[in-house]
Amino acid sequence: MKTRINPWHLSILCGFLITIFLFWTYFYVSYNLKQEQVISLEYDTVWSATNGRIEFYKYSASVSRYLNTGDPADLEDAQMRYEILLGRMETWSSGNFSSFLNSSSSLASDYNLLSEKLEALSPLMQRLEHGDAEQFQSALEQIAPIIELISSKSYQSSIKRFSGEREEFRQRLLTERRVVIGLLVLATLLMAFVMRQNSTLTQANAKIAGDADKLAYMAKHDGLTKLPNRTLLDEHLTRAKTYLRTGETVYAIALDLDGFKAVNDTLGHGGGDALLAAVARRLNGFVGKLPGDGLAARIGGDEFLVFLWCRSDQIDIEASVQSLAATFNTPLETAIGSLLVGTSIGYAAASEKDDVDYVILNADLALTEAKAAGRGSAMRFAPSMRAQLERRLQIERELPNALRKRLITPHYQLQFNLFTGEPVGMESLARWHHDDIGFVSPAEFIPIAEATGDIVALGRTMLRAACEDVQKLPEKIKVAVNLSMIQLLNDDLVSLVATTLQETGLKPSRLKLEVTESVVMHNVDAVAKLLRQLQQMGVTIALDDFGTGYSALSYLNNFRWDELKIDRSFVTACETSQKALNTINVIKSLADKMNADLLIEGLETQAQVEIFQSLGCMYGQGFFYNKPAPIEQVLTHFDERGYHHAPEAAVNAGAHI
Ligand code: C2E
Ligand code: CA
Ligand code: CA
């Protein structure tokens with residue numbers, strides 16, 4: 001693996017090297033200064049020699065002067081000079097000068113000769129007033145060449161040494177200069193390196209800052225459409241909540257595409273993505289024309305939200321929403337061609353700071369209502385919508401408790417032979433009367449129970465109660481129990497039915513299970529397999545709400561239905577529409593071919609009963625006959641008509657409660 005040099009380590013190393021260089025220079029210069037001192041000591045030798053020479057000549061001159069003048073003062077001077085000369089000679093025999101003299105044997109002997117000759121002068125000096133000038137002159141002439149010799153040798157030696165030292169000094173200076181240049185080069189390199197480091201760091205910083213910006217952008221925008229996401233939207237809301245002024249309003253317009261799933265299913269995710277991107281462009285175009293502070297955000301798969309904050313008098317929100325909805329009447333230009341997609345819209349406004357928190361929630365609620373009202377609707381939030389949501393949440397909270405306390409009980413609606421008017425069966429319908437909320441319709445709580453999963457427990461309770469209650473009625477009466485898709489998917493339904501029948505002692509042929517078209521459509525093969533297992537037990541299976549919703553007849557072939565229940569909507573339609581009557585005829589012949597019973601739901605009037613009688617439909621149920629009621633009331637119905645219902649003993653034998 002390639003090891004990379006850490007730039008910080010490198011700069012530390014450079015700094016360390018420079019420090020060593022500086023120390024080295026410091027010691028080197030100090031050393032040189034010392035050497036300078038040595039050199040100056042060398043100069044002492046020349047100085048001593050020169051002085052000795054001068055003193056000798058001064059002494060000679062002084063002696064000559066006395067010999068000429070005979071002046072006792074000159075004599076005195078000559079004697080003093082002699083003493084000085086001796087003193088000088090004395091200094092020659094010590095210190096540096098002595099080292100110089102001892103540097104060669106000839107010099108040492110010269111010096112000894114000189115000393116001897118000077119000492120030999122001493123008796124002559126004492127007798128100087130009587131002295132022989134010639135003798136003196138000759139003695140001095142012998143000394144002079146020796147002094148000259150020593151002094152010239154001292155010069156020569158000094159000059160020689162000095163030139164050597166100069167050379168050495170020059171070399172040292174050269175080295176110093178090199179060191180300084182090296183230091184300068186190093187410092188320059190270090191500076192270049194530091195500058196490079198600095199620029200790398202600056203670039204890295206810029207990159208980090210850039211990355212941080214990118215991350216911050218990504219955190220607040222949707223990757224696909226580049227629209228702001230929920231986070232950024234919330235920031236705008238918080239700002240609006242803080243700074244909203246009187247006369248200003250915050251609007252939230254929630255949009256949900258109609259049939260987006262179909263686009264995804266048929267054109268694939270690429271098609272779906274292209275559509276979403278085109279919707280984003282269209283919304284941005286819409287927002288661009290709005291006054292004030294506006295943005296379009298993507299807050300879910302195919303959910304968008306337009307946020308707008310402006311002066312209330314700047315906009316007619318109803319007209320704007322209508323124009324937004326109208327833009328979806330023209331196809332969107334997408335990367336894969338033109339696509340037409342509808343949208344449902346819910347919108348809400350907040351003119352008080354405290355309401356800003358709820359504006360999106362309110363728009364969402366309005367959107368839910370709009371979707372329920374049908375494709376392409378646009379609805380403005382109304383406070384009743386929130387009451388509905390609160391009610392839904394309350395139901396969601398209370399449901400488990402109601403199940404535990406058995407507050408949800410079955411009511412039964414009888415089913416009749418339209419021709420004889422005889423009861424043939426009854427449908428079990430769940431009823432819940434809540435102490436605070438009042439009556440809660442199954443149409444309301446069943447979807448909630450399906451969403452929370454409570455439907456499984458509810459289904460068990462209803463099945464068991466139906467199996468027990470029907471045994472209180474004459475043998476010929478069957479009981480129909482509604483099944484939810486969740487029960488078919490989540491519960492081990494076959495074994496549940498089997499155990500319930502066994503434990504309650506009900507004959508399987510008296511139990512009918514109702515499933516809706518949507519349940520079957522969900523997974524035709526799996527559901528058909530399950531239903532077949534139930535049929536094999538002897539239980540009958542009815543197709544509920546037939547003719548509503550999808551109305552696909554294809555799955556009629558996948559399973560042998562025991563009964564088709566014609567939805568209530570046909571009852572009213574058949575009163576006015578020949579087409580509806582024709583459809584019933586088709587369904588009737590289909591049912592006959594399949595050997596399935598036909599049961600008409602929601603018969604409310606004698607006239608309606610007669611219509612279906614004339615069509616040859618055999619069975620029916622509805623408010624014309626009776627409203628769903630507790631089993632006690634159903635029993636009364638039978639009593640009043642003199643039916644013999646099951647003996648107590650038989651009921652109790654099957655009951656396990
Ligand atoms: P569904 O299975 O279609 O039940 C028939 C609905 O029509 C019942 O509404 C019944 O009260 C109502 N109905 C009967 N005759 C008439 C009539 O002449 N006119 C009018 N206008 N309505 C009539 P309900 O009891 O409110 O139940 C609504 C739906 O809730 C049921 O529709 C069913 O899908 C579901 N449901 C009720 N109980 C249960 C249950 O125990 N389990 C499951 N899974 N679903 C249930
Ligand atoms: Ca039903
Ligand atoms: Ca039905």
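**Aromatic pairs and a ligand pocket**

Let's start with a trio of rings: Trp92, Phe97 and Phe100 come together as one aromatic cluster. Keep in mind as you look around that this is a predicted model. Across the structure there are eight aromatic pairs. Within the trio, the ring centres of Trp92 and Phe97 are 4.4 Å apart and their planes meet at 25 degrees, so this pair counts as stacked. Both partners, Trp92 and Phe97, are buried.

For another geometry, jump to Phe559 and Trp561. Their pair is edge-to-face, with 4.7 Å from centre to centre and 75 degrees between the planes. Here too, Phe559 is buried, and Trp561 is buried as well.

Arg282 places its charged end over the ring of Phe328, 5.8 Å from the ring's centre. Arg386 does something along those lines with Tyr358, lying over the face of that ring at 5.0 Å from its centre.

Now for the ligand. Ligand 1 sits in the largest pocket, with 22 residues around it; the ones that come nearest are Gln413, Ala430, Arg431, Glu604 and Phe623. Gln413 has a polar side-chain atom 3.0 Å from a nitrogen of ligand 1, while Asn482 brings a polar side-chain atom to 3.1 Å from a ligand oxygen. Phe623 uses its backbone instead: an N or O atom there lies 2.8 Å from an oxygen atom of ligand 1. As for overall cover, ligand 1 on its own would expose 780 Å², and the protein buries 82% of that.

Note on methods:
Residues are numbered from 1 along each chain as its sequence is written. Chains are lettered from A and ligands numbered from 1 in the order in which they are written. This is a predicted model: local features need pLDDT of at least 70, side-chain atom pairs count only at pLDDT 80 or more; totals for chains, interfaces and linings use all residues. Side-chain values use heavy atoms; hydrogens and water are left out. Rings of Phe, Tyr and Trp (its six-membered ring) pair if their centres lie within 6.5 Å; planes under 30 degrees apart count as stacked, over 60 as edge-to-face and the rest as tilted. Buried means under 20% relative accessible area, exposed over 50%, partly exposed in between (1.4 Å probe, protein chains only). A charge sits over a ring if NZ of Lys or CZ of Arg is within 6 Å of the ring centre and within 35 degrees of the ring normal. A residue is near a molecule or strand if one of its heavy atoms lies within 4 Å of it. A polar contact is a pair of N or O atoms within 3.5 Å; within protein, one must be able to donate a hydrogen and the other to accept it, and residues adjacent in sequence count only if both atoms are side-chain atoms. Accessible areas come from the Shrake-Rupley method with a 1.4 Å probe; for residues, only the protein chains shown count as cover. On a 1 Å grid over the protein atoms alone, a cavity is a set of points where a 1.4 Å probe fits but cannot get out, and a pocket is an open set with protein on both sides within 12 Å along at least five of seven lines; lining residues have an atom within 4 Å of a point. A molecule sits in a cavity or pocket if more than half of its atoms lie within 2 Å of its grid points.
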